[in-house]
Amino acid sequence: MGMLSLPGFLSCGKKKDFSLSNEKDAHAGDSDENLERGNWSNKGDYLLSMVGYAVGLGNVWRFPYLTYQNGGGAFLIPYTLMLALAGLPLFFMECSLGQFASLGPISVWRILPLFQGWYSSLCIVYTFFRSYCAKSIHLILKLGLLQNCDFFSHMVSISLMFLGFLGIDPSHGLFSCHQNFMLKGRIVCCCHPLLIAAFCVFSKVALQRSSGLDETGNIVWYLALCLLLSWMIVGAALFKGIKSSGKVVYFTALFPYVILLILLVRGATLEGALDGIEYYIGRQSNITKLMEAEVWKDAATQIFYSLSVAWGGLVALSSYNKFHNNCYSDAILVCVTNCVTSVFAGFAIFSILGHMAFVSERPVSEVVDSGFDLAFVAYPEALSRLPVSPLWSFLFFFMLLLLGLDSQFATIETLTTTIQDIYPKVMKKLRIPVTLGVCILLFFLGLICVTQAGIYWVNLIDHFCAGWGILIAAVLEIIGIIYIYGGNRFIEDIEMMIGKKSRLFWLWWRMCWFFITPVLLM
């Protein structure tokens, strides 16, 4: 196997021998090319793991809203351009880097020791951010229970009965207002005419939200149990590393598409569905929005975070590929799948929101939201208006659960891969205890997010850990590989894996890696 070499002036001290040992990992198969670390059992395991990692909650609760807000169908123009100019080049680079070196996101920077420090810091940030992602998973578990009611207009009372049955006294500060009235079939809190029943359930029942970040409050025990359950599922799926997770993803990565298709077919048969779709990507599209810089910024941001580049997960997952795997075609397939999924999810979301607007006699613009409010307020309220609403609610929340779990699988695999590269002998003997230890650690880190002020911590972590730090990491990654290690040398390394390509083939990638992508990121 080829190994990345580094310029002599960047070497730190005595050179180390990075050649792989002949000692076989306990979980490596007989057919594995790399006996020390193991390889994916087959290409399907790898591709579905990558799709599960890239396709996440943002594809469902962020992209449709951004498309609607930024001109509808017109938004697909900057979105596609940013995919080609920034997303795909970075994705291909990280997949190639991990596969060539067969090392995780920290150890791979032995080629440039000066860069190992900042990538170690990035992994710490990544750990905190993904502990926030577990918050999303346990919210899905909790809201999935609360939303399975026959009529959403009675959601508050049913939720109170549910909590009372479990031995909770809901009168202790659960709601700040006690009088409600009906408006067009919706329970509206008198203290705020727009605070509908869905928001009451999400904010006051599920989260028991405090007044602010300075009021931490107590740990909400049922959320803590859901958080524990989510990490137990992750630990069970990863007890043998990629050998076990590679099988689990056949369900967790594929079944969300089945649910999306079911929701789309159901939504398309409803009255008002066409109005919702037109707001999303139809005649309501506004081509003049392309003149606004904010639209292009949103397109670049969505592509960047949707593909999960610069987090280290792509390098970690690709490091288990066989050396001559065609990482080029893999990168294109996963990126296209990710973006098509985002568009497809938008149809499923807006068809049902269009029906909700029709039934409530309101414009579509008044029922559309993004993020937590779309996933846990607007869309569940729309589902509650359908016949057999518990079925649709269950499918929707189960889909969100699977999308979140896939991202968590890659999180743990990234961290355990890093540990394996640093302490290979430990991981050979203690993979299961180490994996469970990482899950337990992240569970305790996530407990701050299940307090009554947890939602404020989630927003804080989301804003600061998933912001400029990752953009800077991506810029440094390009500088390190293309300008210090050498872009042409890196291309030669890729050709060792996928075979010789023409100059015309590499012209596009050279333009992006050397000029276009760094400029767009900066």
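This report looks at some salt bridges and an annotated site in a predicted model.

Residues are numbered from 1 along each chain as its sequence is written. Since this is a predicted model, local features need pLDDT of at least 70 and side-chain atom pairs count only at pLDDT 80 or more, while totals for chains, interfaces and linings use all residues; side-chain values use heavy atoms, with hydrogens and water left out.

**Salt bridges**

Side chains of opposite charge can pair when their charged atoms come close. Here, a salt bridge is a side-chain nitrogen of Lys or Arg within 4 Å of a carboxyl oxygen of Asp or Glu. The structure holds five salt bridges, including these:

| Pair | N to O distance |
|---|---|
| D330 and K43 | 3.0 Å |
| D45 and K247 | 3.2 Å |
| E292 and K289 | 3.8 Å |

Let's start with D330 and K43, whose side chains meet in a salt bridge. D330 lies in helix 14 and K43 in helix 1, so this pair ties together parts that are 287 residues apart in sequence. (Helices are DSSP runs of H or I, at least four residues, numbered from the N terminus.) Helix 14 covers residues 327-360, and helix 1 covers residues 43-54.

Is D330 buried or exposed? Buried, with a relative accessible area of 3%, whereas K43 is partly exposed at 37%. (Buried means under 20% relative accessible area, exposed over 50%, and partly exposed in between, using a 1.4 Å probe and protein chains only.)

Now for D45 and K247, which also form a salt bridge. D45 sits in helix 1 and K247 in helix 9 (residues 242-252), so they link parts 202 residues apart in sequence. D45 is buried at 0%, but K247 is partly exposed at 43%.

**The annotated site**

In an unreviewed entry, UniProt lists G52, A54, V55, N59, S306, N338, L403, D406 and S407 for "binding site"; such annotations may be inferred rather than shown by experiment. Why do they gather at one spot? They span 356 residues in sequence, yet no two of their C-alpha atoms are more than 13.5 Å apart, so they end up together.

Take N338, in helix 14, which is buried with a relative accessible area of 0%. Not counting residues up to four places away in sequence, N338 touches A54, V55, N59, Y79, S306 and L307, where contact means heavy atoms within 4.5 Å.

G52 is in helix 1 and is buried at 4%. Leaving aside neighbours within four places in sequence, the contacts of G52 are A253, L403, D406 and S407.

Key: Helices (H or I, at least four residues) and strands (E, at least two) are DSSP runs, numbered from the N terminus.
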